[in-house]
Amino acid sequence: PTPTTDAPTIEQPPSPYIPQLFLEDFECQNTIKDYQCKLCFGIICDPIVDTCSHGFCKLCFETYIKLNPENKVTLLCPLTQQPTSIEPGCTFVKAIIEKQIKYCHYKIEGCTWKGTVKDSFIHQNTTCPRERITCSLEGCEQSTPREQMQEHISNCDYRIIQCKNCN
């Protein structure tokens, strides 16, 4: 008898650790690959290091502390579960990461922007034409690329239409 491959898949709950920087977005991936957060597995964003010398995104580590109440008594390393503390002075690592050249995360959708990590957050959150944003009209939850939002708002079912019989 041959084993079946139709075993039921067990869905994993979504990770509470969400990467903000992805290795595939960087121009020099060999330079940056060693700066990976041990919780979200993205490239470290706003880096911190514990006394075990493990690097994490500040937001990921804060999430880890919130999700593990035992950390209120003794801070434990997420990887070794040994008592730890946060080491000051990750400015060197932060400077290395922020100076790296990366492509917009929406490159696969046609965005041609390229710049430093520091500038990428401004681009992606305010000007990227391919970033999906939610309609600002009350009641509408439609998400569309920023460059198509004006067209969407012009035709949105939730827009206010002036009655031609009213003044």
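Where is the place of Glu-131 in the chain? Glu-131 falls in the loop between helix H4 (117-127) and strand S6 (132-134), where helices (H or I, at least four residues) and strands (E, at least two) are DSSP runs numbered from the N terminus. The model is predicted, with local features requiring pLDDT of at least 70 and side-chain atom pairs counting only at pLDDT 80 or more, while totals for chains, interfaces and linings use all residues. Residues are numbered from 1 along each chain as its sequence is written, and side-chain values use heavy atoms, with hydrogens and water left out.

The chain contains five helices and seven strands, in the order α-β-β-α-β-α-β-β-α-β-β-α from the N terminus. Its radius of gyration, taken over C-alpha atoms, is 22 Å, whereas a compact globule of 167 residues would have a value near 15 Å by the rule of 2.2 Å times the number of residues to the power 0.38. The C-alpha atoms fill a box of roughly 75 × 55 × 40 Å along the principal axes. Of the 167 residues, 32% are buried (under 20% relative accessible area; exposed is over 50% and partly exposed in between, with a 1.4 Å probe and protein chains only). Among contacts (heavy atoms within 4.5 Å) with a separation of 6 or more, 32% join residues 24 or more positions apart.

Helix H4 has buried residues at Val-117, Ser-120, His-123 and Gln-124. These lie within an arc of 100 degrees seen down the helix axis, so they line one face of H4; the arc is that of the directions from the axis to the C-beta atoms. In general, an α-helix has 3.6 residues a turn, so residues three or four places apart point the same way. The buried residues of H4 pack against helix H3 (91-99), strand S4 (101-103) and strand S5 (114-116). On the face turned away from the buried side are the exposed residues Lys-118, Ile-122 and Thr-127.

Glu-131 is itself buried, at a relative accessible area of 12%. Apart from neighbours within four places in sequence, Glu-131 contacts Tyr-106, Gln-124, Asn-125, Thr-144, Pro-145 and Arg-146. Gln-124 is also one of the buried residues of H4.

Two residues other than glycine have positive phi values. Phe-41, in the loop between helix H1 (29-32) and strand S1 (47-50), has phi near 65 degrees and is exposed at 57% relative accessible area. Ser-53, in the loop between S1 and strand S2 (55-57), has phi near 75 degrees and is exposed at 61%.
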